[in-house]
Amino acid sequence: MKNTKTFFPQQTHFIGVLLPDDITSTLEDCRRYMSHTYGCKSGYRTPIHVTLVPPFKLQEEYGTQDLENAIFSAIESGSITRALTTDSGKKFLAHIEGFDAFGDRTIFAKVLADPRWTSLRDLTFDAVLKSCPGCTKKDARPFQPHATVANRDIPSGVSSDALKVLGEINLNEDFHVDNITIFERKGSAWEIASTIELGGKD
């Protein structure tokens with residue numbers, strides 16, 4: 001049987017929003033529960049985040065600095081700031097509440113949908129593709145922001161039980177969307193390459 005991994009180029013980067021320390025600590029506890037109870041380990045070295053641009057392979061002629069410059073340019077143009085600010089001048093306060101799953105493939109903390117998440121995703125994609133054409137493509141499906149707790153190595157049939165336990169945490173928090181972070185693959189791990197601040201809190 002052929003190794004199907006050879007048909008896919010290794011992904012080099014992805015882009016997301018880091019979550020604040022208090023929510024990160026809670027979700028790290030959830031990861032430990034999934035690891036100790038079900039043996040889940042996939043992605044646990046990656047900091048807790050909401051993905052904007054899923055993992056992709058950056059062509060050899062481009063580098064992380066090109067991605068960083070592209071995002072800085074989008075911020076400096078004001079497009080991202082305008083997309084994340086209400087008419088009354090309030091910055092984007094997102095909400096995370098409870099847990100859900102994509103079948104047995106992914107268990108995640110639910111980030112409430114908001115048009116500003118979609119705008120941020122779209123503007124980040126646009127900036128990346130303008131700077132590094134052809135490196136990735138936007139998913140046509142509606143954007144569902146989420147913070148992954150376990151994925152890829154969840155045993156079959158355990159998601160419902162795991163969600164019941166995680167639900168006892170009563171996760172219900174607001175957080176400011178205050179960064180865009182570039183992750184770069186280093187060996188078998190994803191590391192933070194650059195965190196670009198989006199401005200202070202109200």
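Trainee: In which loop is the place of R152?

Mentor: In this predicted model, R152 has a positive phi of about 70 degrees although it is not a glycine. Most residues other than glycine have a negative phi. The strand β5 covers 146-151 and the helix α5 covers 159-167, and R152 is placed in the loop between β5 and α5.

Trainee: Is R152 buried or exposed?

Mentor: A residue counts as exposed when its relative accessible area is over 50%. Because the relative accessibility of R152 is 67%, this residue is classed as exposed.

Trainee: What radius of gyration does the protein chain have, and why does it agree with a compact globule?

Mentor: The C-alpha atoms fill a box of roughly 50 × 45 × 30 Å along the principal axes. Because a compact globule with 202 residues would have a radius of gyration near 17 Å, the protein chain agrees with it, having 17 Å.

Trainee: How far apart do the centres of the positive and negative side chains lie?

Mentor: The accessible surface of the protein chain comes to about 11,000 Å², with 50% belonging to carbon and sulfur atoms. The protein chain has 23 positive and 27 negative side chains, and the distance between the centres of the two sets is 6 Å.

Conventions: Residues are numbered from 1 along each chain as its sequence is written. This is a predicted model: local features need pLDDT of at least 70, side-chain atom pairs count only at pLDDT 80 or more; totals for chains, interfaces and linings use all residues. Side-chain values use heavy atoms; hydrogens and water are left out. Helices (H or I, at least four residues) and strands (E, at least two) are DSSP runs, numbered from the N terminus. Buried means under 20% relative accessible area, exposed over 50%, partly exposed in between (1.4 Å probe, protein chains only). The radius of gyration is taken over C-alpha atoms; the globule rule is 2.2 Å times the number of residues to the power 0.38. Accessible areas come from the Shrake-Rupley method with a 1.4 Å probe; for residues, only the protein chains shown count as cover. Lys and Arg count as positive and Asp and Glu as negative; His and the chain ends are not counted. The place of a charge is taken as NZ of Lys, CZ of Arg, CG of Asp or CD of Glu.
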